[in-house]
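Subject: Structure for your files

Hello,

Here is the structure you are taking over. My notes on the contacts between chains follow below it.

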There are 4 protein chains.
Amino acid sequence: MKKIRVAVVGTGFMGKAHALALRAAAAALEDGPAAELATLCDLDAGVAREKAGWWGFAGSTDDWRRAVADPAIDAVTIATPNATHREIALATLAAGKHVWCEKPMAHSLEDAEAMAAAAASSARVALLGYNYVSNPVLFAARRLIADGALGRVFEFRGRFDEDYLADPARPWSWRLRRAEAGLGAAGDMLCHLVSLALLLVGRVERLTGMMETVHRRRTLRDRPGETAAVENEDVVHALVRFAGGATGVMSSSRVAHGRKNLLRVEIHGERGTLIFDQERLNELRLYEADGPEATRGFRTILAGPLHPPYAAFCPAPGHQLGFGDLKTIEAAHFLRCIAGREAPFVGFADGLAIERTIHAIARSAETGGWVTVG
Amino acid sequence: MKKIRVAVVGTGFMGKAHALALRAAAAALEDGPAAELATLCDLDAGVAREKAGWWGFAGSTDDWRRAVADPAIDAVTIATPNATHREIALATLAAGKHVWCEKPMAHSLEDAEAMAAAAASSARVALLGYNYVSNPVLFAARRLIADGALGRVFEFRGRFDEDYLADPARPWSWRLRRAEAGLGAAGDMLCHLVSLALLLVGRVERLTGMMETVHRRRTLRDRPGETAAVENEDVVHALVRFAGGATGVMSSSRVAHGRKNLLRVEIHGERGTLIFDQERLNELRLYEADGPEATRGFRTILAGPLHPPYAAFCPAPGHQLGFGDLKTIEAAHFLRCIAGREAPFVGFADGLAIERTIHAIARSAETGGWVTVG
Amino acid sequence: MKKIRVAVVGTGFMGKAHALALRAAAAALEDGPAAELATLCDLDAGVAREKAGWWGFAGSTDDWRRAVADPAIDAVTIATPNATHREIALATLAAGKHVWCEKPMAHSLEDAEAMAAAAASSARVALLGYNYVSNPVLFAARRLIADGALGRVFEFRGRFDEDYLADPARPWSWRLRRAEAGLGAAGDMLCHLVSLALLLVGRVERLTGMMETVHRRRTLRDRPGETAAVENEDVVHALVRFAGGATGVMSSSRVAHGRKNLLRVEIHGERGTLIFDQERLNELRLYEADGPEATRGFRTILAGPLHPPYAAFCPAPGHQLGFGDLKTIEAAHFLRCIAGREAPFVGFADGLAIERTIHAIARSAETGGWVTVG
Amino acid sequence: MKKIRVAVVGTGFMGKAHALALRAAAAALEDGPAAELATLCDLDAGVAREKAGWWGFAGSTDDWRRAVADPAIDAVTIATPNATHREIALATLAAGKHVWCEKPMAHSLEDAEAMAAAAASSARVALLGYNYVSNPVLFAARRLIADGALGRVFEFRGRFDEDYLADPARPWSWRLRRAEAGLGAAGDMLCHLVSLALLLVGRVERLTGMMETVHRRRTLRDRPGETAAVENEDVVHALVRFAGGATGVMSSSRVAHGRKNLLRVEIHGERGTLIFDQERLNELRLYEADGPEATRGFRTILAGPLHPPYAAFCPAPGHQLGFGDLKTIEAAHFLRCIAGREAPFVGFADGLAIERTIHAIARSAETGGWVTVG
């Protein structure tokens, strides 16, 4: 099978995650096509060269446009700051290449709309890097719901909390300026919640939201004693109504001490309840209202080979997949989408739905009323 | 020390809880005054007599007015359906007697206001039965917050879910009719969340709410095949802003399969996070942002003699108090309030604040906008 | 129904527990006979008088022999230091009265044998205060096992750890001298494990044990700078073989930092696994090897009214019983044994089996080989 | 830096784990040398060829001797059935090549001794695949202990339970015959416990053990109705005394329903307690006996970049490593040992200590007494 020649743009947290995942995908899944790590791009040519060496890329460049234009490249993955997503994605699609872009999709709703439009009018794959949806236990959760294990689903409870800005002494950065970074906790974190809701319950139709900046000024890293304003939200909440009739709540904080990656969803249905928590990503908790009532309770289900594609990583249950393995599943999904064997999820159209949801929260937080999602 | 002669009105779940708690209070706390179980009231004279026998009351009656009028009675406790609270409470206060009334305070906001007004113009103790606030680990939580362990508190996350109506086949009852029962999950459950918020964070000032009746009709118990409408909400949510500046979210469901008594609060502050869960009422979880970062984490603190008045029940930590013990602490508090040694919490004025909060949610759920709490 | 007139001997942790439990038993269970708190005994007449006042005893004395001899007393409960159990129990039975004696049964194996012999030749009730066996979820566990939910049971894992002597600076006390206190962690704690094993799996037949004194000397409270030897064990382990064929392990430590009451048992059978943990005494965890394999997992079952006699304390599940409630169930059991309606468990014959087990561990720890339990 | 040319022998669970880990090691750790996947060996040439394709090996063979003899190969990894470990390892060392051999080390104590002797007289790296010791949180645990966070360590509690043979209907296999497979739960599982004890507490000096075969006969897969004897143990226990003075207990079962990978250790010291559980491999629980007593409790520490080399996989805490990531850390360790930059752990000499421990348990289980470990 012909390898897919990939350029990765960006060498930070997500650039490396893309590189390692593309490297491992076909080997782990034993299913093709495989990726060929063709070019690694970073604005700093030295960094690009060094990382390309470690990660196993054939070449490197400090100009992503060169990679996009290169006829030897089939696909481009984007792991750069949000504000650049639109330009790189549009150029990639325009060049007739497949694109895998990290979340959040874009820096503004306009950008996201432009990207979705470009993807819609292209025959290429356009995938977003919502990595948490690529979890075997969430695939199992979706099947359980589809098979009626919960009966009619009517309630979604979601939260995603971290503490990376919890320390009030953490200095100011460009990520806290709305013009450059866009939304705060909503753009960085709550969007993940919406992606899980999309996977398990469907689209949000109406909502009312609230945003709060807890630590309103932070000190400048380079100018001790001086501070700058934090322009985007530390905490965001929304009450939501789904198109399918369910209701729910979503909350996200980037200032919640002790929370490292607390992406947790709980779904209530007529016949049972299901819980997932990213800090224990190999577990699913399920309550089914059947069997003798005296011994009912939440079951903690451990991920195992009965939850595909877990077995690609380990044939024994309880051995635990990691964050990188989920990214590998996502990379394999990208490659199979390119081969025409799967349909992208979270695709750019889904991504736009997510962006519309979080921007609707921002709109509602300003006006104070319920709003309809785009 | 003179005993307080008490009449208990009602012989259901809460009537028994009052009786056992009053019986145990001074003996457990070794602190007076003690209660004398004078009269037990039930509309059914036979039930009143039988239960009075088991629970140790000196007498019984089928007419609570007789008990209220009896000069040998010092205090009356109310454990009857909500719609009767106002009448009994007003009569008790008018008779110059102390009153301990189960939550929810009243069946309507008007009733609650009348009760609070009567209490305000009386010199008697008027206490509400919000039992969950009488927990040694919550007393410890309040002290921790007051002592600054969390720094400035800015976020409250609360939920209270049960599944007593989760089964769609559970038949209709009068509790589902708004005229008789008032609010649904808000009136029965979310009010507890507000009581915990009151204890730990303060009063809610503004909010926006959502209510949903998931199972809209239920079968009539006596007429198979026929159904009646469910008039109050199964699920309620609110986004809230506290007077002190904190924000937060409160959710409650009576149709959440697997949840038996999931009253859970989580409080975020500048220096740490605190979690309490009523299904594990002897535990407090605390994250403090100090010490070496590599070994930080949530601590699970087990209730023990260092958390007064735990030691009154057991001198050894980890031995676990129960629901009844919390009620005993509440009864002792009532008796000490009567003796002038403590100030009632949750008193009728606090209770009115709680009622105003849940009725504001109902109002907001109708209008769809933010509302100010009374 | 005639009340049972009870004298309680001892006013410490367990004396109070007996008093409160006897006071509450018939009222909570609504089932007779009730106890009449006749006399409270303490060597210090003032303490006896004061506590009698708080706890509701009709009288008090500084001489337990007077209570035992008093024809107005039907039953005596013993909550005194271990070394006195034999004398008081034998006197009580000799006086033709029922006895409820706290665990551990006795200070030596000889004492336990004498007590069991006296009980065997008496027509009176002789019960031991192994409080943890009186838990509704353990009654449920026993029924599950009896009903075959686990299939053939073949493995018992038990541990009971606390940290009351974990601090090396905790001063020396008479409890650490073998002549006065007998065994250490085995006598105080591991005996509870054996009582749970007795309830759920049966009698231990053969075993090999190990004992260790971790902190070998402790400072004298009154003579700073001086130390005395710790003569009994801080830690004890045993590998065991049950009469019914199961194998297992039991461990106990009184120097395990962070453990407050970690009495935990896990039972493996051909069809499933069951776990109980006293620090979360309202929960049972059960794994059943049936249903679709992809959704199997341990269920956390919350105590509720389906687990008798939970409903006597609360009609709603998940509300949590406490240590005192278990003691109340035990007191009610004592009273019903006296009324001839139940058979005592843990009775003196069972208690002797427990004592023989822990003393066999001590014997094995000295000889280093497997020993047969008396 | 020159790449290390590696041959992997075996294509099962562990063969794939080695391949993926070697493939990822230098890329993830960004630290050399890197491995070159030179040759994959399997007795079935077709399987070898197909897997070599997926996993990225340059070549394949059905004869491991060819790979061992090939001068273009620097190192050989062994992921074949236990009975073949000795022969391949000795041949590899004899050929002057480095060896990484999966656990258990060998099929018999004699084999293990021969392998350790060969490694001792060789200048090559000889590493064993005890994958669980390569966990960032266990590295952190070891540092905590070394730094005195627990004070003197005196107690080790270990268990490793799975349920892969819990179903009595699971058919007989060669793994249940002592001549072919050697020990049962001790050889397959308890050895991991010993490896963790070695990492954290040191060597076991004396022990007494018990072994039990719970399901004594199993049906033959190919001959329905016929059964064969299970010759090795389903369950194993040992009481142990470490060379450093600590005591403890180790248990392992392969028939414990619901347990998938329950490798759990708990270590008690004078100043605190530490717990690790492989089913939640990104968590460490730590109790430290300092700070205000009223807020002490076990802390749940989530793995993060402060626990090297976690950051190589992800710069954000709480994102979870997986089983494969631990294997990658182990592979990187192997490569760095070859480069002379680290000393192998678990090396063949350590492995022999582990083998001696589990064989001492077997010896003790037969004789019934305490035995000294080799």
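C:R259 and D:E266 form a salt bridge, with 2.8 Å between the closest N and O atoms. A salt bridge here is a side-chain nitrogen of Lys or Arg within 4 Å of a carboxyl oxygen of Asp or Glu. By that rule, eight salt bridges cross the interface of chain C and chain D.

Before the rest, some ground rules. This is a predicted model, in which local features need pLDDT of at least 70 and side-chain atom pairs count only at pLDDT 80 or more, while totals for chains, interfaces and linings use all residues. Residues are numbered from 1 along each chain as its sequence is written, chains are lettered from A and ligands numbered from 1 in the order in which they are written, and side-chain values use heavy atoms, with hydrogens and water left out.

Confidence

The predictor gives the complex an ipTM of 0.97 and a pTM of 0.97. Chain A has an average pLDDT of 97, and 100% of its residues score at least 70; pLDDT is the predictor's confidence in each residue, from 0 to 100.

Chain C and chain D

Chain C gives 50 residues to the contact and chain D gives 50 residues. About 3,500 Å² is buried between them, 53% of it from carbon and sulfur atoms. Buried area is the accessible area (1.4 Å probe) that two parts lose on being put together, summed over both. C:M210, C:L239 and C:H257 supply 18% of the area that chain C buries against chain D, more than any other three residues.

Between chain C and chain D, 19 residue pairs are in polar contact, both residues at pLDDT 80 or more. A polar contact is a pair of N or O atoms within 3.5 Å; within protein, one must be able to donate a hydrogen and the other to accept it, and residues adjacent in sequence count only if both atoms are side-chain atoms. On the side of chain C that touches chain D, β7 (153-161), β8 (204-212), β11 (235-242), β12 (247-253), β13 (262-269) and β14 (272-277) each supply at least two residues. Strands (E, at least two residues) and helices (H or I, at least four) are DSSP runs, numbered from the N terminus. By class, that side of chain C has 18 nonpolar, 18 polar and 14 charged residues. Ala, Val, Leu, Ile, Met, Phe, Trp, Tyr, Cys and Pro count as nonpolar, Asp, Glu, Lys and Arg as charged, and the others, Gly among them, as polar.

Chain A and chain B

Chain A and chain B put 50 residues each into their contact and bury about 3,500 Å², 53% of it on carbon and sulfur atoms. Eight salt bridges are found across this interface, including one between B:R259 and A:E266 with the closest N and O atoms 2.8 Å apart. Here 20 residue pairs are in polar contact.

Regards

Notes. Contact = heavy atoms within 4.5 Å.
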